[in-house]
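Dear colleague,

Please find below the structure I promised to hand over to you. I would be grateful if you kept it open while reading the notes that come after it.

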Amino acid sequence: MEMHSGKDPMPTLDRQIIVVKPVTVPTTGRGIDLQVKVTAPADGRNLPVIVFSHGNAWSMDGYEPIVDRWAAAGFVVVQPTHLDSRRNGIGFDDPRFATIWRVRIADLHAVLDGLRDILDQLGGLTTRVDRDRVAVVGHSWGAQTAGALLGARVFDTEGNPGEDFSHPAVKVGALIAAAGTGDTLTPFALEYLPFARPDFSSMTTPALVIAGGKDQSAMSTRGPEWFTDAYHLSPAPKGLLTIAEGEHLFGGISGEAAKDTTDEDSARVVLVADAVSAYLHDVLSADAGSRQALQDQISHNTGAFSTESK
């Protein structure tokens, strides 16, 4: 379904939010403390949780434009800083880099397993959260990380699917610019990112996949449709949102005026944030009105996008 929006002003969410950082999460064998940032509505009860995995080199301090909007929409958002964050100085040539994809997944498991202790450090937030309604969301490399907790696996070099890293607490997810299959990897990706070989056939948890119509990855010789594989190659139920003019950072979801954003557009950021909020609310709350709320929210967005579901 192709949609074109009107030109009304962008919707704003004025709900007050609170932010607490850093909170240290116990881990083993990581070498560097796992720290998280928690962003939450200042009021409300029975709040659902999003655990968010950032893209390569970012940290818990990134993605404020979408994280704040999710919190204003009623979610408690927990953001870990993974080892590949640029603040840790672990580059592609570092011998630790080859296993960071596994550490990333372990980070999300540690957050989910320690969620009560994390929330306990935010004075009273534990009693306001519904820990039976938990989602994982990720962008770029973070989408692959989040996908693992939804049931996706990684093919080895012989084409055999790897371990099952799914987590029982996760009820739904959203994958923003998730890498596609590994059969068209570029020489750079083959050398440094051999783990970029996802198997989506076992990703059974409900999820929304968001892809950009102009997102040309340096990791694949295919075009932007590479980023739709997570939808097309996974079992239902799934949703797909394709944003026609979207590039890899969808207008600047990682931060305002971030230097690696190639398609600066604040309205596109709102579209991504609100699409995720509506989809997660729909699944977690069995709220039939959430899909209509999504249409109402994104009707303010300029540009074209398409949606489909299965």
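This is a predicted model: local features need pLDDT of at least 70, side-chain atom pairs count only at pLDDT 80 or more; totals for chains, interfaces and linings use all residues.

I begin with the core. The largest nonpolar core contains 91 residues, and Trp 70 and Leu 280 are those with the most contacts inside it. Helix 7 (residues 266–285) gives the most to this core, contributing nine residues. If neighbours within four places in sequence are left aside, Leu 280 is in contact with Ile 50, Phe 75, Ala 135, Val 137, Val 172, Gly 173 and Ser 285.

Trp 70 belongs to helix 1 (residues 64–72), where Ile 66, Val 67, Arg 69, Ala 71 and Ala 72 are buried as well. The elements that cover the buried residues of helix 1 include helix 7 and several strands, among them strand 4 (47–53) and strand 6 (129–139). After helix 1 comes Gly 74, which has a positive phi near 110 degrees.

I turn next to the helix pair. Helix 2 (residues 100–113) packs against helix 4 (residues 141–150) at an angle of about 60 degrees, and their axes are 9 Å apart. The two helices are therefore oblique to each other, and helix 2 passes helix 4 in a right-handed crossing. Among the residues making the contact are Trp 101, Ile 105 and Leu 108 of helix 2, together with Trp 141, Thr 145 and Leu 149 of helix 4. The contact residues of this pair comprise nine nonpolar, three polar and one charged.

With kind regards

Technical notes. Residues are numbered from 1 along each chain as its sequence is written. Side-chain values use heavy atoms; hydrogens and water are left out. Axes are lines fitted to C-alpha atoms, for helices over the stretch in contact, and angles run from 0 to 180 degrees between N-to-C directions. Helices (H or I, at least four residues) and strands (E, at least two) are DSSP runs, numbered from the N terminus. Angles under 35 degrees count as roughly parallel, over 145 as roughly antiparallel, 65 to 115 as roughly perpendicular and the rest as oblique. A crossing is left-handed if the near helix is turned anticlockwise from the far one by less than a right angle, and right-handed if clockwise. Contact means heavy atoms within 4.5 Å. Ala, Val, Leu, Ile, Met, Phe, Trp, Tyr, Cys and Pro count as nonpolar, Asp, Glu, Lys and Arg as charged, and the others, Gly among them, as polar. A nonpolar core is a set of buried Ala, Val, Leu, Ile, Met, Phe, Trp, Tyr and Cys residues joined through side-chain atoms within 4.5 Å. Buried means under 20% relative accessible area, exposed over 50%, partly exposed in between (1.4 Å probe, protein chains only).
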